[in-house]
Amino acid sequence: MKFVKKILLLLLLSPTLPAFGQEYPNRPITLVVPFSAGGPGDVIARLLGTSISATLKQPLVIENVVGAGGTIGTNRVAKAAPDGYTLLLMHVGQATAPALYAKLPFDPIGDFAPIGLVTDVPMILVARPNFPAKDLKELVAYVRAQGDKVTYGNVCLGSASHLCGLMFMSAIEGKLAPIYYKGGGPALNDIIAGHIDVYCDPATGPTPHIQSGTITGYAITSKQRVPTLPNVPTSAEAGVPGFDVTTWYGMYAPRNTPKPIVDALVGALQTALRDPALINRFAELSMTPVEEERATPAALERLLKTEVDKWDRIIKNAGITPQ
């Protein structure tokens, strides 16, 4: 009997085995952001992290895992242990990856346990300061007349700027010539300097430059204007109703993450999206948290499936061959 008790004690104290009776979480959680530090996704993750850490009583560590349009970081989470300690914050690229990459190492839907939507970040279409068009209608006419002589900034395959450019060309049935950049900062700088013609970026980037008058915003690609840019019309108001795209962000855990852990994460996410400090900071960046009913696994899964189908059509119509 003493021998059995000794064995049981060793098992309970062994550092290689899971602790018994400990609730989730009992150590720091890693939130993978598959894009570079300082970008919109990174900013959102760090704002979320502060509030979620306070709720779960554990640090939420942001890890930027960049490359291949976000698929490297996304794959890392897909292959992680389903224990709630490795999570993903990914934008609409989760839905476009199947059409852009021929051999994805993960299933964007089947390999993840959705937690919930976080925010819909509207895009803003801007042009160089000396661009001849005074509004969106004139810009569309100019693009149609000049064809692919008009250049637009494009960060990378599957980036928000890339997707926004595809949607714009689809909506106006026109072509633009892409100029590729390694990041949104250099592209925005080149628009300000007049080196490229057109750029479309999440509102978090161009907003301060539009407010200061450095560049002019032609249209915001959401259904409503944003309070930080009251004079920038929506694309529908500006005459191109089909130019409607937002960079939505969602949180995911690996597939087979136990439901009690997912439930704890959903609760922490919903609490974060009600945090006044987060709401105010989002507003300064032309964002708003989603409603509570959208910060759920079911809502994120429905949106993801719908967006996969939508972007598959757009990308195929653009003649893009999967890499």
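In this predicted model, the contribution of helix H11 to the second largest pocket is the greatest of any element, since H11 gives four residues to the lining. The elements that supply two or more residues to this lining are strand E4 (112-127), strand E9 (246-254) and helix H11 (297-317). The pocket has a volume of about 590 Å³ and is lined by 26 residues, of which Asp120, Ser222, Lys223, Thr246 and Thr288 lie nearest its centre. Divided by class, the lining of the second largest pocket comprises eleven nonpolar, seven polar and eight charged residues.

The largest pocket, with a volume of about 720 Å³, has a lining of 36 residues, and those that lie nearest its centre are Ser36, Gly39, Pro40, Gly183 and Gly184. Two or more residues of this lining come from each of helix H2 (40-56), H6, helix H7 (184-193) and E7, and H2 gives the most, with four residues. The lining of the largest pocket consists, by class, of 17 nonpolar, 15 polar and four charged residues.

Helix H2 also holds arginine 46, which counts as partly exposed because its relative accessibility is 39%. When residues up to four places away in sequence are not counted, arginine 46 touches Ile62 and Asn64. Arginine 46 and proline 105, which are 59 residues apart in sequence, are separated by 27 Å in space, taken from C-alpha to C-alpha.

A search of the whole structure finds one disulfide, which is formed by cysteine 164 and cysteine 200, with their sulfur atoms 1.8 Å apart. The pair links distant parts of the chain, as cysteine 164 belongs to helix H6 (residues 160-172) and cysteine 200 to strand E7 (residues 198-202), 36 residues apart. The link between cysteine 164 and cysteine 200 is right-handed, with 45 degrees about the S-S bond. Cysteine 164 counts as buried because its relative accessibility is 0%, and cysteine 200 likewise counts as buried, at 4% relative accessibility.

Helix H6 contains histidine 162 as well, and this residue is buried because its relative accessible area, 5%, falls under the 20% cut-off. Leaving aside neighbours within four places in sequence, the contacts of histidine 162 are with Leu100, Tyr152, Asn154, Cys156, Leu157 and Ile320.

In soluble globular proteins, nonpolar side chains tend to be buried together. The largest nonpolar core of the present model has 88 residues, and those with the most contacts inside it are Leu48, Val118, Leu136, Leu139 and Met251. Strand E4 provides the largest share of this core, with nine residues. Valine 118, again leaving aside its neighbours within four places in sequence, is in contact with Ile44, Leu48, Leu89, Tyr249, Gly250, Met251, Leu269, Leu273, Phe282, Thr288, Pro289 and Val290.

Notes:
Residues are numbered from 1 along each chain as its sequence is written. This is a predicted model: local features need pLDDT of at least 70, side-chain atom pairs count only at pLDDT 80 or more; totals for chains, interfaces and linings use all residues. Side-chain values use heavy atoms; hydrogens and water are left out. A disulfide is a pair of cysteine sulfur atoms within 2.5 Å. Buried means under 20% relative accessible area, exposed over 50%, partly exposed in between (1.4 Å probe, protein chains only). Contact means heavy atoms within 4.5 Å. On a 1 Å grid over the protein atoms alone, a cavity is a set of points where a 1.4 Å probe fits but cannot get out, and a pocket is an open set with protein on both sides within 12 Å along at least five of seven lines; lining residues have an atom within 4 Å of a point. Grid points are joined across faces, edges and corners, and a volume is the space filled by probe spheres set on the points. Ala, Val, Leu, Ile, Met, Phe, Trp, Tyr, Cys and Pro count as nonpolar, Asp, Glu, Lys and Arg as charged, and the others, Gly among them, as polar. A nonpolar core is a set of buried Ala, Val, Leu, Ile, Met, Phe, Trp, Tyr and Cys residues joined through side-chain atoms within 4.5 Å.
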